[in-house]
Amino acid sequence: MRTHRVAAVPIMTHPGIELIGKTVRDAVTDGQVHFQAVKKLSEVYPSAACTTIMDLTVEAEAFGAPVNMPENEIPTVYGRLVGDADGVASLQVPDLTAGRVPQYLLANRLCAQAITDRPVFGGCIGPFSLAGRLYDMSEIMMAIYIEPDTISLLLDKCTRFIMQYCQAIKEAGSAGVVMAEPAAGLLSDEDSVLFSTKYVKRVVEAVQDDSFTVILHNCGNTGHCTRSMVESGARALHFGNRADMPRIIAEVPDYVVVMGNIDPVGVFKQADSQEVGLRTSELLRQMSGHSNFVVSSGCDLPPLVPESNIKAFFQAVDEFNEQV
Amino acid sequence: MSEILEKLFECVEFGKINAASPYPPQLRGQDGASEYTQKALAEGFSPAEIMDTALIPAMTKVGQKFSENKIFVPQMLLSAKAMNAALVYIKPYFSSGEIRRKGTFIMGTVNGDLHDIGKNLVCMMVEGAGWDVIDLGVDVGPEKFVESVRQHPDAYVGLSALLTTTMPNMKTIIDAVRAVSPSTRFIVGGAPVSADFAASIGADAYADNPQQDVEALDRFLQERA
């Protein structure tokens, strides 16, 4: 007999965009379409919470980075906005009217107003991942050692922007924010503390309270930098599909929620519904002794995940919870 | 190994690029890979000896440490940069035939995808392992791969993708290249790519990390022999 029910919160918005017949570009540029996609998902699936789009280009675009926006693919930053100490020194921290930020805040506000039967979480990028998009990801990896002062200043500017963005997401009525910091997973635990956690913590301390939760997502963590995630102070930690969840949860205090980690591509998108059900049931069985576990996808579900697979995921959760 | 080649090995292993580089802290103020390579050549070590005794073994060790989670992306990139600082002085001997290269590897991130960190790591590691690398860059379509294979018919090809939406382009590229060069062998990799997916699109190998690219290429070479 199971002792507690498990909540299910897959990170997904693309299935909603597809359900309302819009393109990815429509949704990432128009807050109304974005909202309609999230609302549709809340009507179709019994997710314990909703999330807005995990778009890791909004903040970089606000700083002035060029963004490639194909019709049905996730936007990507290209080029390099800053490349030296002078460029970083003169980089202006944008306000919340820049780029597509107002559309994302609109989507957050509309979702919070219209979806009242479950919490809605906004989304933002983490400081190190944002800095990597502005400075070039390969270059920042070396510059943390070669030019630490320059990178420290860049991280400070990124953090200041993310802080005000999260504050606005909070004021829009969202229950929290999923902060995606995948680039920190490319660092050692010690470097992750120095170049990511230190800055994530500033955001957490500024916005997290009883009404607003930070969910720190790091799908690059294969188990080597869990300590740095815990030290952020985020009330919930979200792990990618390469993490060994039973091992991970043993390293996390039981007052912190642990979320993860069904493979969004290899299982949700590419496997059949029977396999999705089996993998979900297996993960639930492995984690059944932990009341702080929330079952989720390992990352944002990509476009064109079969509807039957999402249903199979929720059915496996239902079957597990029926045994409680 | 002579002291100077040991020093060069250490510089590449720990990412000491040149004397001015502040990294790693334990080698601060000392010469780096750039200076030690020049000294080694000046003292009469052959370029082949420098490659085979110091540079290639050092990068092999770096690849092993990376695959064992003993070092991470920043340290690996700095080692590759130190290797490149050494290669500045060694590369002139490549064209003379004094140093035998293992073969040619064509690498690119597939069309629609602008991510380059994985591709860059693979290029650096493979070059460090003794291969000529042709880096086609990011957002590379079938035509460019076909053209490059026409120019280098014995080359192996590596494809990288970070987006689920661009993964299918790997198959398009493999099919296009095989239409003109049926025996060309491919290695694919990238965060959303799996061994099953690699097999399903006809790739010859899947690499989970750059060291596995090097191992796959060495395997191809043995099979060809």
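Analyst: Over all chains, the structure holds 26 salt bridges. The model is a predicted one. One of those bridges lies inside chain A, where A:R202 pairs with A:D156, with the closest N and O atoms 2.9 Å apart. A:R202 sits in helix α10 (residues 189-207) of chain A and A:D156 in helix α9 (residues 148-171) of chain A, so this pair ties together parts that are 46 residues apart in sequence.

Now to chain B. The domain assignment gives domain 1 (3-93) and domain 2 (104-224) of chain B. Taken over C-alpha atoms, the centres of these two domains are 26 Å apart.

How many residues meet where the two domains of chain B are in contact? On the domain 1 side there are 16 residues, and they are in contact with 11 residues of domain 2. About 1,100 Å² is buried between the two domains of chain B, and carbon and sulfur atoms give 76% of that area. Three residues of domain 1 stand out. B:M59, B:M76 and B:L77 lose the most area to domain 2, together 34% of what the domain 1 side buries.

There are also charges to look at. The rule finds 1 salt bridge across this domain interface. B:E127 forms a salt bridge with B:K91, and their closest N and O atoms are 3.1 Å apart.

Which helices build the domain 1 side? In chain B, α3 (47-67) and α4 (73-90) each supply at least two residues of the side that touches domain 2. The largest share comes from α3(B), with 8 residues. By class, this side of domain 1 has 10 nonpolar, 5 polar and 1 charged residues.

Next, the sheet of chain B. Its 5 strands form an open sheet in the order β2-β1-β3-β4-β5, with parallel pairing. Why do β2 and β5 each have one side without a neighbour? β2 (132-135) and β5 (205-206) of chain B stand at the edges with a single partner strand each, so one side of each has no neighbour in the sheet. Strands of a sheet pair through backbone hydrogen bonds, either parallel or antiparallel. In chain B, strand β1 (residues 104-109) and strand β3 (residues 156-160) run parallel and are joined by 5 bridges. Look along that pair and you find B:I106 opposite B:V157 in β3(B).

Last, the partner. In this contact, 27 residues of chain A touch 26 residues of chain B. The area buried between the two chains is about 2,100 Å², and carbon and sulfur atoms give 66% of it. Across this interface the rule finds 1 salt bridge. The side chains of B:D208 and A:R242 meet there, 3.1 Å from N to O. Between chain A and chain B, 4 residue pairs are in polar contact, with both residues at pLDDT 80 or more.

On the chain A side, β3 (76-77), α8 (137-146) and α13 (264-269) each give two or more residues to the side that touches chain B. α8(A) gives the most, with 8 residues. By class, that side of chain A has 13 nonpolar, 8 polar and 6 charged residues.

Definitions and conventions. Residues numbered from 1 in each chain as written. Chains lettered and ligands numbered in written order. Predicted model: local features only at pLDDT ≥ 70, side-chain atom pairs only at ≥ 80, totals over all residues. Heavy atoms only, no water. Domains from an automatic or database assignment. Contact = heavy atoms within 4.5 Å. Buried area = accessible area lost by both parts, 1.4 Å probe. Salt bridge = Lys/Arg side-chain N within 4 Å of Asp/Glu carboxyl O. Helix = DSSP H or I, 4+ residues; strand = E, 2+ residues; numbered from the N terminus. Nonpolar A, V, L, I, M, F, W, Y, C, P; charged D, E, K, R; others polar. Pairing = 2+ DSSP bridges. Polar contact = N/O pair within 3.5 Å; in protein donor to acceptor, adjacent residues only side chain to side chain.
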